[in-house]
Amino acid sequence: MGFPSKAPKMLALAGSLVICFLVSVAAAGNFYQNFDITWGDGRGKVLNGGQMLTLSLDRTSGSGFQSRNEYLFGKIDMQLKLVPGNSAGTVTAYYLSSQGPTHDEIDFEFLGNLSGDPYTLHTNVFSQGKGNREQQFKLWFDPTKDFHTYSILWNPQHIIFSVDGTPIRDFRNNEAKGVPFPKNQPMRIYSSLWNADNWATRGGLVKTDWSKAPFVASYSNFNANACVMSMGASSCEAKNGTPAGSSWMTQELDATSQERMRWVQKNYMIYNYCTDANRFPQGFPPECSIA
Ligand SMILES: *[C@@H]1O[C@H](CO)[C@@H](O)[C@H](O)[C@H]1NC(C)=O
């Protein structure tokens with residue numbers, strides 16, 4: 001086989017790599033292009049020519065949006081500025097999810113609190129319909145004063161949750177130990193702001209103060225370096241099935257990042273299902289025995 005017959009194949013491969021690159025880059029920024037406001041009857045708004053999005057909640061309704069694209073693996077950043085002041089009873093959820101009864105899901109949820117009391121950042125991972133993997137954190141800053149970056153790195157081996165570039169949780173692929181890992185079902189990005197005062201703040205003891213409504217959460221600087229699924233094909237796969245060589249596809253935490261994650265978990269973790277013995281009288285889930 002000489003050069004001429006190989007050339008078209010090479011060109012096709014280069015072409016799909018270029019498309020993947022373009023898809024990743026094009027996903028930066030604009031909320032008009034990347035998201036649809038799906039509920040809330042006008043309470044969700046895209047502002048500043050697509051640079052910002054706000055959700056609001058009042059006594060009648062909350063609001064929410066979802067990504068137009070479905071992703072199968074990616075490095076996804078979003079900046080959020082949470083409901084300021086007395087946000088008790090409100091929940092701002094920001095998550096990835098697939099569809100159906102055996103869905104996969106990767107969750108950030110921000111549980112509001114009374115003025116001056118800390119928000120709780122709740123995380124969870126569902127694989128094939130099963131969650132129950134909650135870890136909760138305090139934050140080391142006031143998440144209502146400024147925008148902060150909440151990131152999910154999702155590749156075939158890891159789901160890494162980060163806050164302003166600091167990893168807080170690393171859910172590893174433990175399929176070898178019989179733990180299903182989300183890796184076959186494409187997910188969309190979803191976010192919503194709603195009233196959950198039956199459980200959100202101090203277990204439901206503190207109710208939403210509607211005299212402070214509307215409650216508003218803001219979003220900016222969305223960036224997805226991700227594999228977009230379209231009609232069953234991934235933007236990251238060349239026609240011959242060779243994945244495009246994005247470095248985040250095989251990324252894991254280096255020693256420094258692991259150190260920082262341990263620092264967060266030691267000082268800011270307030271709940272870990274892997275240490276909640278009451279909940280698992282028959283023994284902890286298998287992924288808990290690994291770091
Ligand atoms: C709210 O503040 C209280 C008091 O500091 C704290 O115990 C609680 O974990 C915070 N978060 C929620 C969601 O209740």
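Predicted model: local features only at pLDDT ≥ 70, side-chain atom pairs only at ≥ 80, totals over all residues.
**Entry 1**

Phenylalanine 73 belongs to strand β5, which covers residues 70-81. Its phi is near 85 degrees, and I noted that this is a positive value in a residue other than glycine.

I then turned to asparagine 48, whose phi is near 50 degrees and is likewise a positive value in a residue other than glycine. Asparagine 48 sits in the loop between β2 (45-47) and β3 (52-57). With a relative accessibility of 56%, asparagine 48 counts as exposed, since the word exposed applies over 50%.

**Entry 1: the surroundings of the ligand**

Which residues are around the ligand? I listed Leu111, Gly112, Asn113, Asp117, Pro118, Thr120, Ala200, Thr201 and Arg202. When I sorted this shell by kind of residue, it divided into three nonpolar, four polar and two charged residues.

Next I looked up distances between individual atoms of the protein and the ligand. For asparagine 113, a polar side-chain atom lies 2.5 Å from an oxygen atom of the ligand. For arginine 202, the atom concerned is a backbone N or O, and it lies 2.9 Å from an oxygen atom of the ligand. For proline 118, a polar backbone atom is 3.5 Å from a nitrogen atom of the ligand. On its own the ligand has 360 Å² of accessible area, and the protein covers 68% of that area.

**Entry 2: asparagine 113 and the annotated glutamates**

I stayed with asparagine 113, which is found in the loop between β7 (105-111) and β8 (120-126). Its relative accessibility is 11%, so asparagine 113 counts as buried. I also wrote down that an unreviewed UniProt entry gives the annotation "glycosylation site" for Asn113.

Which residues does the UniProt annotation "active site" cover? In the unreviewed entry, that annotation covers Glu105 and Glu109. I followed up glutamate 105, which has its place in strand β7 and counts as buried at 13% relative accessibility.

**Entry 3: aromatic rings**

How many aromatic pairs does a search of the whole structure find? The search finds 19, and I looked at two of them in detail.

In the pair of phenylalanine 171 and phenylalanine 181, the ring centres are 6.1 Å apart and the planes are at 10 degrees, so this pair is stacked. The cut-off I needed here is that planes under 30 degrees apart count as stacked. Because phenylalanine 171 lies in strand β12 (residues 166-172) and phenylalanine 181 in the loop between β12 and β13 (188-195), the pair ties together parts that are 10 residues apart in sequence. Phenylalanine 171 counts as buried at 4% relative accessibility, and phenylalanine 181 counts as buried at 2%.

The pair of tryptophan 210 and phenylalanine 215 is edge-to-face, with 6.0 Å from centre to centre and 65 degrees between the planes. I checked their accessibility as well, and both tryptophan 210 and phenylalanine 215 are buried. I also recorded one aromatic cluster, formed by Phe31, Phe35, Phe65, Tyr219 and Phe222.

Aspartate 170 counts as buried, at 17% relative accessibility. Its side chain makes a polar contact with the side chain of histidine 158, at 2.8 Å.

I then looked up arginine 260, which lies in helix α3 (residues 255-268) and is partly exposed, with a relative accessible area of 37%. How far apart in sequence are arginine 260 and proline 167? They are 93 residues apart in sequence, whereas in space their C-alpha atoms are 7.0 Å apart.

Proline 214 is found in the loop between β13 and β14 (215-230).

Notes: Residues numbered from 1 in each chain as written. Heavy atoms only, no water. Near = heavy atom within 4 Å. Polar contact = N/O pair within 3.5 Å; in protein donor to acceptor, adjacent residues only side chain to side chain. Areas by Shrake-Rupley, 256 points an atom, 1.4 Å probe, with all protein chains shown as cover. Nonpolar A, V, L, I, M, F, W, Y, C, P; charged D, E, K, R; others polar. Phe/Tyr/Trp six-rings, centres within 6.5 Å; stacked < 30°, edge-to-face > 60°. Helix = DSSP H or I, 4+ residues; strand = E, 2+ residues; numbered from the N terminus. Buried < 20%, exposed > 50% of the residue type's maximum accessible area, 1.4 Å probe, protein only. UniProt positions renumbered as here; feature names shortened; annotations may be inferred.
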